[in-house]
Amino acid sequence: MRSHLQPFMQYLSEDKGLSPSTLESYGRDISQFMDFADERGLSSPEDIKRSHIMLYLAAQRGAGRAAATVNRNTVSLRAFFHYLLRERLIGQDPTLDMDKIKPSSKPPMVLSVEEMERLLNAPGDDTPQGRRDKAMLELLYATGIRVSELISLNVEDVHTEMKYVRCTGASGKERIVPIGAMAAESVAQYAAGMREKLLRGNQKESALFLNSLGGRLTRQGFWKIIKKYAREAQIEQDITPHTLRHSFAAHLLEGGADLRSVQQMLGHSDISTTQIYSGIARKNMKEVYENHHPRAR
């Protein structure tokens, strides 16, 4: 069975055009299933029955794997066995009509407006790093873009005078997102002089946000930055870069923005993904009503 893994990965790369990170996930998932199969003496694709796959997925759930992880494994196995059937290496697909498990309905973590203000005001403005960090946090909250999209921005992608940012998602699709005056001002102040100090003479670097060595900032670098300012802002929740994306969407909807516009700004292909924020906004409006209407209690 392992002899079919590399041709399968090549098929995903060349025919399906999947990204390197997605290919890595598929390869890891399939390899782990093969380890499971080897332990049971199942060496040929024809040996694999539906019951073996169900047992494997059940073992993952029993080990405490998140629903999203188990579902990703299900998708990987479906793709692999569909490929084997397509290549006529098996006579029947054991994953046919296999359902994914329902993920947890736990709502996304969202900061309050007051917490967001504290976080955005945490960086100082007297150093290049402080100005950079302020600009990044303001831009994330102003646009709801992903951290991967943030660090991929080049200087020419953010237009502070026209107040918009052009970013490219994981699928390669480009979108234009408006930015507010405060974010535009923060980015402009950073780009006007402080970015030059971080460049360290590396004039060929096109990245907007730089690390201390003059290169493009990494995801890990930004992760450390947001954790640092969360502590300084005395935010008790264990926030992640995605928390700012969640807060952006929830605060827009709470303020009266329509769902379709928020979907477009977030780059969601399916509006049902955006709808998870509607419940948060309705809950917050209910709290406001109960706290402030004289006859609510």
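In which helix do Phe33 and Phe36 both lie, and how many residues apart are they? Both lie in helix α2 (residues 20-39), 3 residues apart, or about one turn of the helix. The model is a predicted one, in which local features need pLDDT of at least 70 and side-chain atom pairs count only at pLDDT 80 or more, while totals for chains, interfaces and linings use all residues. Residues are numbered from 1 along each chain as its sequence is written, and side-chain values use heavy atoms, with hydrogens and water left out. Helices are DSSP runs of H or I with at least four residues, numbered from the N terminus.

Aromatic pairs were assigned to rings of Phe, Tyr and Trp (its six-membered ring) with centres within 6.5 Å; planes under 30 degrees apart count as stacked, over 60 as edge-to-face and the rest as tilted. By this rule there are 10 aromatic pairs. In one of them, Tyr11 and Tyr83, the ring centres are 5.2 Å apart and the planes stand at 35°, so the pair is tilted. Tyr11 belongs to helix α1 (residues 5-14) and Tyr83 to helix α4 (residues 67-86), so this pair ties together parts that are 72 residues apart in sequence. Tyr11 and Tyr83 are both buried (under 20% relative accessible area; exposed is over 50% and partly exposed in between, with a 1.4 Å probe and protein chains only). For Phe33 and Phe36, the centres are 6.1 Å apart and the planes at 25°, so the pair is stacked. Phe33 is buried, as is Phe36. One aromatic cluster is formed by Phe8, Tyr11, Tyr26, Phe33, Phe36, Tyr56, Phe80, Phe81 and Tyr83. Arg40 lies over the face of Phe36, 3.7 Å from the ring centre; the criterion is NZ of Lys or CZ of Arg within 6 Å of the ring centre and within 35 degrees of the ring normal.

Helix packing was described with axes fitted as lines to C-alpha atoms over the stretch in contact, with angles from 0 to 180 degrees between N-to-C directions. The axes of helix α5 (residues 113-120) and helix α10 (residues 241-254) come within 11 Å and cross at roughly 135°. This makes α5 oblique to α10 (angles under 35 degrees are roughly parallel, over 145 roughly antiparallel, 65 to 115 roughly perpendicular and the rest oblique). Val113, Met116 and Leu119 of α5 make the contact with Leu244, Ser247 and His251 of α10, contact being heavy atoms within 4.5 Å. Helix α5 also packs with helix α6 (residues 128-143), at an angle of about 155° and with the axes 10 Å apart. These two helices, α5 and α6, are therefore roughly antiparallel to each other. Here the contact involves Met116, Leu119 and Leu120 of α5 and Lys134, Leu137, Glu138 and Tyr141 of α6.

Most residues other than glycine have a negative phi. Arg88, in the loop between α4 and α5, has a positive phi near 60°. Its relative accessible area is 77%, so Arg88 is exposed. Gln234 is not a glycine either, and its phi is positive at about 55°. Gln234 is placed in the loop between α9 (219-232) and α10 and is exposed, with a relative accessible area of 65%. Gln275 lies in the loop between α12 (271-274) and α13 (276-292) and counts as partly exposed at 42% relative accessibility.
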